[in-house]
Every structure is written in C-alpha cells, then in structure tokens.
Amino acid sequence: MTDGVEPESSDSLRTFGAVVQALREHAGLSREQFAPLVRFSKHTVASVELGRRMPDDEFVELAEAALGNTGALRKAALHLSRQPGLAAWFRRWARLEAVALSLCTYECRLIPGLLQTEAYARTLFVNQLPPLGDEQIEAQLAARLERQRLLRERPNTAYSFILEEHLLLRRTGGTQVTRDLVDHILDLNELRNIEIQVMPQVREHHAGLDGPMQLLETPDNKWLGYCEGQRGGQFISDPKEISVLQMRYARMRSQALSLDDSVSLLRRMRGVL
C-alpha cells in the first residue's frame, strides 16, 4: 500500500546519479553498454542517473566494479537514506522491487500500487488521515507512478497479482475512476509478464484471511516477503516464514478465478459500471 509519506529532498539521489553518469562517461561506456554490467535495463540506469530511482546495494557494488573501483559510489551511497514520496518502512522493499525476478502480490484492502491509475491513487492520497498537503500528495503520486514503470521496463520479471473482487465493487473515487481502473487493469493483463487473478466475493475457503502479502524473488533466487499494516511494514527473510507465505499464496492462486475467468469477470464488471 505504502500510503505513508515523508516528503524529502531528492538532492542526494540526483547527486549520486550525476556521479554514476560522470564515471560511466569517463569510462567510455554508453548506457546500453553499462546496463548489463549492473543487471539493470538501460531505462533503469537512466532513472538512477537522473535521480528518479533509488539504487540497491548490488547496483552500487556492480557499478563500482565496472567503473574502476574508485570508492566514490560507495561513499555517495551512504547518503542515500531517503527517497521522496515513499514511506520509510517501504524503501527497502522498493529497492528490491526494482531488480526482482518475480513479484507476487495479494491485496484485500485496495488495488496494489503497481496497478493503480493516477486518478485512483490521487483519491487515496487526498483522503488520507492525517490530511496531506498538496506537495506531499504530489510527491507520493510521483513516486507511485515512477514505480509503475517497472511493469513495462522489466519484461523479464514475472508479476502475479491476486485481487479481491470487492476492491472494485467499492468504487473508490467514483464510477468513472473505477471504470478507468478496470480498463487499466485489463490493459496491463495483456502484457506477457503480468498475471492478474480475481478472488470472488463468495468463496467458502480462503487461504489469505490473515491479510495482504507480497513475495519477491531476488536476482540470486532468494525469496523474501513483505506484509504491511496501518502504520508500518514487516520485512520477512526467515525461510520458514517465507515457506508459509508461499504455501498460502499458492493455495490462493488455486482458489481465485482462473486467468481467463478473471478477465471475463472484469469485463462484465466494466459493462455494468
């Protein structure tokens, strides 16, 4: 969900990005040549260099190795403790999202941030309590829209989403916002790397009653988890706990509507909005 906000300056991100770009150009590398060395796409490299994306630890180490091991990036990275528009508890997960091989998300409270339209996200921010100022709202919205670029910039990452049917029946933001949201979800579902399933309202057995969850596979094939509540998030790395979450997510995939049936339901819902 990550609706909490700490609007902060992005000067450190821009400075780090400028150092990366300067060292890359000094090494005579184009973004296309540099990207595979740090296991990012050229578009993601551009986002880092422009100060729009927080690099993870692996990026820093791989970039250092590719650019001469000067130590400049490691030192600059020490000041990257803040990221505009993202709640403090979510930043670590957001950095992992940017390099994940697989990402599985179950939500029962609201449409996941990666699938939201701008209008839907703005509705959430405008109605947040305590109220946010205009600058805070814009910072959160910009961060969310930037995160959504992952879906198209990382075509080799497999994204799985399980959404509760009632999230759309609630009509958050009004009928038009919901209609546009359904259209957006249907469009994203056309991408080869995205699978979206709907959990029907009536379901006698449900493995996700303990709440929302996210599971993520890192580039070195390690699985991590994340669960979020009202005012914070829990990062999970214990293999035993990950095993439980994986078991529950697998069961929910079998309990939710199939991919084709989910699309059919979404289209029917779109027709009556």
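Modeller: Welcome! Two residues are in contact when they have heavy atoms within 4.5 Å of each other. This is a predicted model, where local features need pLDDT of at least 70, side-chain atom pairs count only at pLDDT 80 or more, and totals for chains, interfaces and linings use all residues. Residues are numbered from 1 along each chain as its sequence is written, and side-chain values use heavy atoms, with hydrogens and water left out.

Colleague: Which residues in α2 meet which in α3?

Modeller: From α2 come R31, E32, F34, A35 and V38, and they meet K42, V45, A46 and E49 in α3. Helices (H or I, at least four residues) and strands (E, at least two) are DSSP runs, numbered from the N terminus. Sorted by class, this contact of α2 with α3 has five nonpolar, no polar and four charged residues. Here Ala, Val, Leu, Ile, Met, Phe, Trp, Tyr, Cys and Pro count as nonpolar, Asp, Glu, Lys and Arg as charged, and the others, Gly among them, as polar.

Colleague: At what angle do the axes of α2 and α3 cross?

Modeller: Two packed helices are described by the angle between their axes and the distance between the axes. The axes of α2 and α3 (residues 42-49) cross at roughly 95 degrees and come within 8 Å, which means that α2 is roughly perpendicular to α3. Axes are lines fitted to C-alpha atoms, for helices over the stretch in contact, and angles run from 0 to 180 degrees between N-to-C directions. Under 35 degrees is roughly parallel, over 145 roughly antiparallel, 65 to 115 roughly perpendicular, and the rest oblique.

Colleague: And how do α2 and α4 cross?

Modeller: Helix α2 (residues 31-38) and helix α4 (residues 57-66) have axes that come within 9 Å and cross at roughly 125 degrees, so α2 is oblique to α4. The crossing is right-handed; a crossing is left-handed if the near helix is turned anticlockwise from the far one by less than a right angle, and right-handed if clockwise. F34, L37 and V38 in α2 meet F59, L62, A63 and A66 in α4. The contact of α2 with α4 holds seven nonpolar, no polar and no charged residues.

Colleague: How do α11 and α13 pack?

Modeller: Helix α13 (residues 259-272) packs on α11 at an angle of about 155 degrees, with the axes 10 Å apart, so α11 is roughly antiparallel to α13. Their crossing is left-handed. R179, V182, D183, I185 and L186 of α11 make the contact with V263, L266, R267 and R270 of α13. By class, that gives five nonpolar, no polar and four charged residues.

Colleague: How many residues has the largest nonpolar core?

Modeller: In soluble globular proteins, nonpolar side chains tend to be buried together. A nonpolar core is a set of buried Ala, Val, Leu, Ile, Met, Phe, Trp, Tyr and Cys residues joined through side-chain atoms within 4.5 Å. The largest one here has 38 residues, and I111 and F161 have the most contacts inside it. Helix α11 (residues 175-188) gives the largest share of this core, six residues. A second, separate core of 17 residues includes V38, V45, V60 and A76.

Colleague: Is T178 buried or exposed?

Modeller: T178 is buried, because its relative accessible area is 2%; buried means under 20%, exposed over 50%, and partly exposed in between (1.4 Å probe, protein chains only). T178 lies in helix α11 and, leaving out residues up to four places away in sequence, touches L168, R171, T172 and L273.
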